[in-house]
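Reader: Could you walk me through this structure slowly, please? I am new to reading models like this one.

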Amino acid sequence: MIDYPPRIPLAQTPTPLQPLHRLQQQRGGPLLWLKRDDMTGGPLTGNKVRKLEFLLAHAREQGCDAVITCGGIQSNHCRATALAAAQLGFDCHLILRGLPEHGEPAAGNEFLDKLAAATIRYCEPREYFAHLESLFQEQEAHYATQGKKALSIPTGGSNGIGVWGYVRATGEMLDDFSVQGMDPAAVFCATGSGGTQAGLTLGMHLHGSEIPVYGINVCDDEDYFVRKVAADIAEWAGLYPAQASGVDTAQLTAKVIDGYVGRGYALADEPVFATIRQLAALEGVVLDPVYTGKAMHGLLSEIDRGRFADAEHLVFVHTGGIFGLFPFAAELVHSGPA
Ligand SMILES: *Cc1c(COP(=O)(O)O)cnc(C)c1O
């Protein structure tokens, strides 16, 4: 039994595990199953809410009144944090990378951040990368002047506390697999800040499973994520020595499928858009260009090249991202009658 730290239930779990039979009929090859973590909530949709269950429980335990976090202007993590903070009565401040479009109303996740009444500091990417730490410190100091204590949550909620979200999700998936009587050859997820992959990798180990976990990175590179996943797991081991005793964290090396970042983070090209259209039209499943669509394009391309092609069952964690899809509408579908 895994001794979990305090958790505030925010996500709708367990999420469904869904087989993509129509995709298999069309393409042949392994049967791909989706772990529907795009159904962890309506506005809270996606993977970040699983991490926030543990992060915000920690904030409450520490007597915090506020949370501060950061991300891209269309960050799913920032949106989920803003909404969950509102639900629980925390103040929320977001440090967003990018400037608002002049004269345009906020769209997608950024719109929901505002609706949830998070305060926002927009930063030019250059300023963001150079001064992120001091931007957090300034805001913590600002809350302190109001007599408020703030928890600073890193990018994507990926740290030694956030990894618990996907340790728990791993247990849920292993239950799903036994209910289905199915033994998948591998589990895949999109990797952006590493915490989901770290949680799944650690979770398989803690639950005594040998199913390999592959992250398909949507930014940075393999080297970066091998180090980042190791750092998150090491931080976890330091914070929870009782749970980590007997765990050889050095053996938990992240498996990364690199080569599908394309032109960069949050930039997508036609093959990714084609995959998004295909899954929507064939299975009614909606992916996003930043994470899940890019990673699914990567996975299907690897299968086409023969990798994993002999597997009977593969599992892809659908980590959400629907609100980040809408700003790409013009690239995805043409207006006017079909
Ligand atoms: C953040 C995010 C990811 C990546 O998860 P990390 O834990 O940051 O690596 C994948 N998909 C979606 C939709 C996300 O918002």
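Reader: At what angle do the axes of helix α10 and helix α11 cross?

Author: This is a predicted model, where local features need pLDDT of at least 70 and side-chain atom pairs count only at pLDDT 80 or more, while totals for chains, interfaces and linings use all residues. Residues are numbered from 1 along each chain as its sequence is written, and side-chain values use heavy atoms, with hydrogens and water left out. The axes of α10 (residues 270-283) and α11 (residues 292-304) cross at roughly 90° and come within 8 Å. Axes here are lines fitted to C-alpha atoms, for helices over the stretch in contact, with angles running from 0 to 180 degrees between N-to-C directions, and helices (H or I, at least four residues) and strands (E, at least two) are DSSP runs numbered from the N terminus.

Reader: What do you call that arrangement of α10 and α11?

Author: The two helices α10 and α11 are therefore roughly perpendicular to each other, a label used for angles of 65 to 115 degrees.

Reader: Which residues meet there, in α10 and in α11?

Author: Among them are Pro 271, Val 272 and Leu 279 in α10, and Met 296, His 297 and Leu 300 in α11, where contact means heavy atoms within 4.5 Å.

Reader: Okay, the ligand now: which residues come nearest?

Author: Of the 16 residues around the ligand, the nearest are Lys 48, Lys 51, Ser 193, Thr 196 and Thr 319, a residue being near if one of its heavy atoms lies within 4 Å.

Reader: And which polar atoms lie by its oxygen atoms?

Author: A side-chain N or O atom of Ser 193 is 2.5 Å from a ligand oxygen, and a polar side-chain atom of Asn 76 lies 2.8 Å from a ligand oxygen; a polar backbone atom of Gly 194 is also 2.8 Å from an oxygen of the ligand.

Methods: A polar contact is a pair of N or O atoms within 3.5 Å; within protein, one must be able to donate a hydrogen and the other to accept it, and residues adjacent in sequence count only if both atoms are side-chain atoms. Angles under 35 degrees count as roughly parallel, over 145 as roughly antiparallel, 65 to 115 as roughly perpendicular and the rest as oblique.
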